[in-house]
Structures are given as structure tokens and as C-alpha cells.
Amino acid sequence: FLLAQLWRVQVKTDGDSPEPQDCKRTLVIYGSKGKSDELLLSPQNPGHVCFLPSATDEFTVETTDVGDVYKIRVSCDDVPGFEGWCLKSFHLEELHTKQELNFDCSCWFSLSREDKELAKEFPVVSKDQKTLPVHEYVVSVHTGDRWGAETFANVYITLYGKRGDTGVRNLHTPLTRGRKFQRNKVDSFLVEAVSLSHLQKVVIGHDGEGYGAGIYLKMVTVRESQDSDKEWVFPCWNWLDTHLGLCETVCEIVTVGRRLISHPKLPEISMQSSGLWIMDITGSDLSNEVDPLHLSFIFFGNLNHKKLPLQVTGKAIQIKDELADIGSLHKVQVTGPHSELKQPWRLDLLHMKHTGTKEEMYLAFDCLFNPNEDKCVELPALYADQEPLPVVEYSIHLHTGDLKKADATGEAYLCIQGERSDSGKRWLNSRNSLITFARGQVDVFKIKAVYLGKLNQVLVGFKSPKKDEWFLEKIVIKEVSYPFSSHVFVHNDWINKRSKKDFVEVVIPLKETSVTSGLTKQIDTKSRGLWQMWVHCTQVPEDVPDIQVVVFGRRGKSPPQKVQNLNDNPFLLTVGDIGDITKVSFLLSSSCLGRGIKLHKLCLKDLDTKQVLGFHTEDHCLFGKDGSETVTELAAVRPDKAPLREVLYSVSVHTGTLPASGTDADVFITIFGEQGDSCKRRLRHARFERGQVCISELRAVDLGHLRKVLVEHNNVGYGAGWYLDRIVIHESGKTDGQYAFLCQQWLDSGVGDAQMARMLR
């Protein structure tokens with residue numbers, strides 16, 4: 001039970017502040033024992049107006065016992081038309097103890113002014129103690145290099161350190177101009193906060209707004225200021241998406257450590273240059289331990305690895321080694337304890353610095369070694385300007401055969417070997433206890449290791465005190481990341497008996513690997529083919545034209561349906577069971593517009609599975625910039641594969657040479673391919689003269705291999721009948737890959753079969 005604290009809060013508003021608006025203002029108090037909830041600063045008397053220019057307002061708030069207060073955070077809501085608030089000072093008084101706290105504020109809360117912030121933190125100002133510094137943390141979001149990796153959603157982050165957190169901050173204003181969170185780009189933002197001491201983790205997410213809201217997040221890096229020479233690294237290598245990877249739009253990322261921002265400026269720098277690695281290891285105290293703790297530090301390079309035994313006797317230990325012949329260091333593994341342990345011991349940090357190259361890295365293990373537990377943990381090396389290898393979760397499925405006496409009880413370990421390195425020996429049973437592998441069962445274990453590269457083999461060790469034989473059918477190892485890899489190692493044999501002391505080791509080579517881009521989360525809800533659509537346009541004519549939309553999928557297309565609005569309000573489409581959606585076509589019922597309709601956003605969302613599809617709308621106008629087209633197509637952007645490309649087709653129409661072969665009627669064409677059709681298009685030619693070749697261009701999402709063409713005319717005008725010889729279609733700018741569709745018939749209501757539309761194959 002935490003004792004309550006009652007606070008009197010005095011807030012002074014500066015004289016330069018504009019008249020107050022209906023905007024929520026909140027306060028969070030941070031102390032040595034924790035923090036308060038968000039406290040709403042609202043008037044105690046109904047009708048009283050707070051935060052007037054030059055006014056002092058008083059509030060009473062209650063909190064749990066937060067301990068010794070060291071900072072506060074004040075926030076304003078982002079409401080439309082908010083001009084800002086100029087805060088002069090904050091004063092807190094604890095009404096039970098009469099303790100008074102002052103905060104020097106004097107700042108603006110505004111999105112329209114230079115710092116563009118609506119949340120500010122202030123340290124306690126006291127004569128008795130040093131005021132904590134306020135840092136402008138530089139938060140860099142590294143978007144990955146995957147199809148659909150970018151997002152137009154609003155991204156937010158919270159930084160956590162040994163001294164509190166920043167609260168949720170919106171990343172709205174990058175340090176450099178341009179569109180945020182685009183594929184294979186890095187965007188940096190300033191987050192002002194009272195010093196958090198050592199950073200431990202971040203929580204980053206997005207609100208799912210905008211098309212294709214999912215983002216493939218490579219990592220987040222944070223430095224204390226724009227002048228810092230080091231940065232904390234938070235690797236993710238996963239999707240923040242409702243349907244991919246983590247299947248979440250928010251994730252918590254623990255830091256792997258700190259690295260230099262740029263390489264030390266030394267002539268002829270080489271990772272193999274002479275010198276020593278000086279390694280400082282810090283952890284919890286061992287004062288109650290009689291015997292030292294024995295651990296092993298294993299340093300993996302691209303050429304070899306080296307194992308250094310370590311005796312831990314206190315909170316800080318230093319070791320020095322050349323780490324010769326291992327090549328360029330890429331990960332550090334810690335195993336143990338190799339001795340009896342009476343109490344848990346925490347490994348906090350490994351600081352490595354090379355005396356020759358001046359390379360430096362801080363690996364934040366933050367790992368607890370418990371009694372009766374064999375642990376193996378590892379982190380990637382952190383070099384400037386190099387992407388750290390991700391720490392991957394491997395899910396290991398051990399299949400025991402369904403044979404008589406196939407089950408076994410004993411001790412077991414395994415080691416996964418990949419092209420980069422191995423996972424180290426990972427025990428499947430706790431120390432001083434046994435594990436049973438039951439007949440016909442699948443046992444699942446999870447381990448985390450620095451990315452091993454392509455997996456080659458698995459080493460399994462087994463010892464049974466009862467001399468049990470174990471029939472191990474196979475091991476399936478799945479990488480729990482994106483894309484999802486599954487590696488199968490087939491043994492289909494007994495692991496033989498030995499004496500009680502000996503472990504039997506078997507090496508099982510890789511049999512097969514499969515990679516899927518499927519979802520990690522199975523969607524239980526079956527789609528009924530009902531989708532919401534958002535269309536946001538500008539330059540819309542006052543007399544809004546009748547526009548219809550057709551949705552294409554791998555197994556068919558939807559019927560044409562009316563576009564209900566162009567102002568970003570969702571409306572319902574009945575798409576049906578058409579398979580994975582590939583493109584959307586907008587059809588104009590009238591002949592043409594005076595100018596194109598500027599398209600800013602297009603988004604589809606399945607009402608049942610909640611899948612969201614986006615479309616690249618940059619530089620897109622519905623029906624062409626001049627409004628002369630009747631169809632506009634956009635390819636669906638899927639995160640797991642490239643969208644279908646846009647193709648400019650050249651259509652050559654050969655009119656026959658028979659008397660009266662030509663026509664003045666409007667001619668229409670629909671091209672059918674293995675990936676759908678082009679929808680009905682009017683060919684832009686006033687007349688199709690006898691013996692002439694009329695060439696038109698038609699822009700469409702790639703139709704794949706062309707199969708047939710439907711050609712027709714509207715039978716308007718004198719002598720509308722038309723003798724068509726053939727149509728030839730090829731991709732504009734290419735001379736190969738032509739498709740010729742022969743007709744050599746009349747399209748005439750008064751000749752032959754009187755057909756005015758023909759399907760050419």
C-alpha cells in the first residue's frame with residue numbers, strides 16, 4: 001500500500017501567451033519511487049477560465065508516494081486551431097510535509113513555433129542539489145529495404161532509461177525535409193527530456209492511419225544530443241503491421257548496447273591492426289558469495305573464435321586480450337555459471353575498446369545468471385556505420401518417433417551451426433533435473449541467438465541415467481522473423497546407449513529449407529469479401545461525375561460499384577471471393593473531364609480480417625492530368641512482394657482495304673491478360689480510314705501474357721459499319737513481344753452476322 005501525497009500546483013502563464021483555448025493540459029510527476037498518473041489540470045470551480053495571459057492558476061492533485069521528485073512533464077493536447085501556450089513557471093507544494101519544489105519553465109507549447117513541441121520536461125531546481133540536465137535526444141528511425149516498408153501512419157515513441165521515461169512522443173517533425181518513413185531511409189527527430197541516464201528500451205508504434213500503414217522497422221538509434229559521438233542501438237528487423245511479422249503495430253525493443261557514431265579517424269585503420277582489446281565488465285555485487293563466479297566469454301570473428309574463462313569476484317572486472325586470429329569480431333557469447341552459485345548475479349555491461357584502432361562498443365547484456373541454471377546469451381558487435389546483426393528467435397521443434405520404446409528421459413543439449421557461427425551449447429533441461437521426450441510427441445524450445453546465417457547442421461547431445469534409447473525422428477527449426485524460414489534436419493534413427501557418464505552426440509545435416517511470407521498470426525475470421533474503401537482527392541469538379549470502381553484479384557474481379565465520395569470518408573465495397581487483390585480500376589461514365597482529379601490517398605480494409613492494402617498515389621490523377629482518359633488503374637502495394645508494374649501499351653488498329661471499310665464511330669477496346677483486363681477503353685482517334693493504321697497508347701497495370709481482345713464501336717455516325725483487319729499490341733518502347741489479333745470481318749449492323757463487337761484471340 002502506497003501512501004497518498006497531496007500537492008498544490010501553481011502555474012504561471014506568460015503575458016505573451018494567447019487567450020486560452022479548449023485544450024487539455026496534463027502533468028506527470030517523477031520521483032525516486034516511480035511516477036504519477038497523468039494529472040489533468042482543470043479548474044476547481046465550474047466556469048473558471050484557466051491559463052489566461054499573466055495569470056497564476058492553482059490546482060490540487062493527489063498521487064501515490066513517488067519518493068524524491070526530480071522532474072515533471074507538462075503536456076498539451078493537439079487540437080485544431082491551437083495557437084499555443086507560453087508557460088512561465090511551475091511550483092509544487094506537498095501539503096502534508098510542506099516540501100516546496102520549483103521548476104524553471106519559460107517556454108512555448110506550440111506546433112507552429114520553432115521547436116514544435118506539445119510536451120516538455122522540467123527538472124527540479126534546488127539550491128541543495130545539482131539540477132539534472134535536459135537533453136535533446138536525437139531519435140533516428142531506420143526503415144528497412146522491403147517492398148511496402150514505408151508508412152504514412154503517425155509514428156510515436158517512448159524512451160526508457162534508468163531514470164524514468166519520456167512519455168509518448170509523436171515523431172512529426174524530422175530534422176531533414178522530405179517524406180518521412182520511406183523505404184531504406186533514416187529519419188531523425190529531436191525528443192527533449194530530462195536526462196534518462198543509461199537508456200534501456202524504447203516502445204515504438206504507429207496509429208495505423210494512412211494506406212499501407214505497416215512499416216518494416218530495421219532499428220532505432222538514439223544519441224544524447226546532436227554533438228554526441230555515441231548512440232544507443234535498438235534493433236528490430238521486423239514489421240509493425242497488423243498482418244505481418246509481429247502482427248502488432250507497437251513493439252518494445254531492448255537495447256543491445258552503445259556504439260560510436262563514426263569510425264575513429266586514424267590512418268590505415270584495420271580491424272586486424274596491432275593492439276589489445278581492453279574489456280571492462282560490470283554487474284551486480286558478489287559480496288555475499290564466498291567463491292568467485294565462473295563464466296566464459298566467447299568472441300566470434302569471421303575467421304575463428306576464442307574462449308576466455310572469467311572469474312567474477314566483484315562488481316567490476318577488467319580483462320585484456322589481443323583476440324588474435326579471430327578476424328573481425330561480430331558477436332560476443334557469455335555462458336555459465338560453471339560453478340555453484342548461491343544467489344543470482346546480473347551481468348550489466350561489457351565495454352570493449354581497442355588500443356590500436358580505437359574502436360569502442362558497449363554491449364548491454366542486462367542478463368541474470370541464476371543458481372541451477374545453465375545460460376548462454378549473446379549480442380552482436382556494434383561498429384560505427386555497420387548495421388548490427390539481428391538477434392533472432394529460433395523455435396526448435398524436436399520430433400520423437402512413434403515407435404515402441406522411442407521415448408527417453410535424460411539430459412539434453414543442442415548447438416545450431418550456421419554459416420556465420422554457432423549458437424553455443426543450449427541446454428534443454430534445467431541443471432540437476434531431467435527431461436522426458438515422449439513417444440510420438442513434439443517438444444518445442446525457443447532460443448535467441450545473433451543471426452547465424454544459412455543453417456548447416458545441428459549437434460544434439462543426450463545422456464540417460466537409465467540408459468534409455470531415444471528415437472529422434474527430425475528437428476525443425478523456424479526463424480521467428482520475416483520472412484519465416486523453416487529448416488528441417490532429419491535423423492530417423494536411435495541415439496544409442498552409452499555409460500551413465502557419457503553424452504552421446506549426433507550431428508544432423510540440413511535436409512531442406514523453406515521460406516514463406518505467410519502470416520505468423522492465423523486469421524481465424526474468414527473474409528466475406530466486404531471491404532471499406534477510402535478515396536481522398538482534390539481538384540474535384542463542382543458537378544461531381546459518376547465514377548465506378550472495379551477491384552481485381554488473382555481469381556477474378558468485382559462488379560463495378562459506385563464511388564460514394566472522394567473526401568476520405570469510408571464506404572463499403574462488395575468485392576467477393578476474388579483472391580489476393582492485385583489492382584483497382586476507376587471508370588468514368590461520362591466521356592471526359594476538363595482536367596484530372598488529383599488523387600492523394602487510396603486505401604482498402606477487409607472488414608473481417610482487418611487486412612489493409614495501400615496504393616502508390618504520388619503524381620497520380622484520376623483520368624489523366626488533362627482529364628481525357630476514362631479509366632485509371634492502380635496496383636495494390638503488398639508488403640511481401642513487389643506490386644504489379646504500370647505498363648504503357650501501344651495499340652495498332654489496321655482498318656481493312658475493302659470499299660467503305662472506314663468508320664467515324666467511337667471504337668472501344670478491352671485487353672485481357674493472365675493478370676486481369678484493362679477495362680473498356682475508348683481509342684482516341686476521330687476516324688479509322690480505309691487501309692490506314694491508327695496507333696493509340698493505353699496505360700494499364702501489367703496484364704501479363706495477353707490472351708484476347710474485345711473490340712466494339714457505338715454505331716454512331718453515317719456509315720458507322722467498319723471492316724477491321726487486325727489489331728497489334730506491344731509494350732510501348734519495345735520491339736519484341738508483339739501480340740497480333742486477326743479479325744478480317746465487318747463490325748456492322750447491316751452486314752453479315754450484324755455484330756458490332758468481336759472477341760479476337
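In this predicted model, the side chains of Glu646 and Arg699 come together in a salt bridge, with 3.5 Å from N to O. Glu646 sits in strand β48 (residues 646-655) and Arg699 in strand β52 (residues 693-701), so this pair ties together parts of the chain that are 53 residues apart in sequence. Glu646 is partly exposed, at a relative accessible area of 41%, and Arg699 is likewise partly exposed, at 41%. As a general point, side chains of opposite charge can pair when their charged atoms come close.

A second pair can be followed in much the same way. Arg346 and Asp366 meet through their side chains in a salt bridge of 2.9 Å, N to O. Here the link runs between distant parts of the chain, with Arg346 in strand β25 (residues 345-354) and Asp366 in strand β26 (residues 360-369), 20 residues apart. Arg346 is partly exposed, with a relative accessible area of 30%, and Asp366 is also partly exposed, with 46%.

What of a pair that is hidden from the surface? The side chains of Arg169 and Glu121 form a salt bridge of 3.4 Å, N to O. Arg169 belongs to strand β13 (residues 169-170) and Glu121 to strand β9 (residues 119-123), so the pair joins parts that lie 48 residues apart in sequence. Arg169 counts as buried because its relative accessibility is 3%, under the 20% cut-off. Glu121 is buried too, with a relative accessible area of 1%. Both residues also belong to a network of salt bridges that links Lys35, Lys71, Arg73, Glu121, Asp165 and Arg169. For the whole model, the count comes to 36 salt bridges.

Asp37, Glu38, Asp77 and Asp78 gather on the surface as a patch of negative charge. Within this group, Asp37 is located in the loop between β3 (34-35) and β4 (39-40), and Asp37 is exposed, at a relative accessible area of 62%. Lys230, by contrast, counts as buried, at 15% relative accessibility. Lys230 is part of strand β17 (residues 230-240). Beyond its neighbours within four places in sequence, Lys230 is in contact with Arg223, Arg258, Arg259, Leu260, Ile261, Glu360 and Tyr362.

A loop residue gives a sense of distance in the model. Pro541 is found in the loop between β38 (530-538) and β39 (547-553), and Pro541 is partly exposed, with a relative accessible area of 27%. From Pro541 to Thr513 there are 28 residues in sequence and 56 Å in space, C-alpha to C-alpha.

Of the 761 residues in the protein chain, 50% are buried. Among contacts with a separation of 6 or more, 71% are made by residues 24 or more positions apart. The accessible surface of the protein chain is about 36200 Å², and carbon and sulfur atoms account for 46% of it. There are 91 positive and 100 negative side chains in the protein chain, and the centres of these two sets are 4 Å apart.

Notes
Residues are numbered from 1 along each chain as its sequence is written. This is a predicted model: local features need pLDDT of at least 70, side-chain atom pairs count only at pLDDT 80 or more; totals for chains, interfaces and linings use all residues. Side-chain values use heavy atoms; hydrogens and water are left out. Helices (H or I, at least four residues) and strands (E, at least two) are DSSP runs, numbered from the N terminus. Buried means under 20% relative accessible area, exposed over 50%, partly exposed in between (1.4 Å probe, protein chains only). Contact means heavy atoms within 4.5 Å. Patches are made of residues with over 30% relative accessible area and no salt bridge: like charges are joined within 9 Å, nonpolar side chains (Val, Leu, Ile, Met, Phe, Trp, Tyr) within 5 Å. Accessible areas come from the Shrake-Rupley method with a 1.4 Å probe; for residues, only the protein chains shown count as cover. A salt bridge is a side-chain nitrogen of Lys or Arg within 4 Å of a carboxyl oxygen of Asp or Glu. Lys and Arg count as positive and Asp and Glu as negative; His and the chain ends are not counted. The place of a charge is taken as NZ of Lys, CZ of Arg, CG of Asp or CD of Glu.
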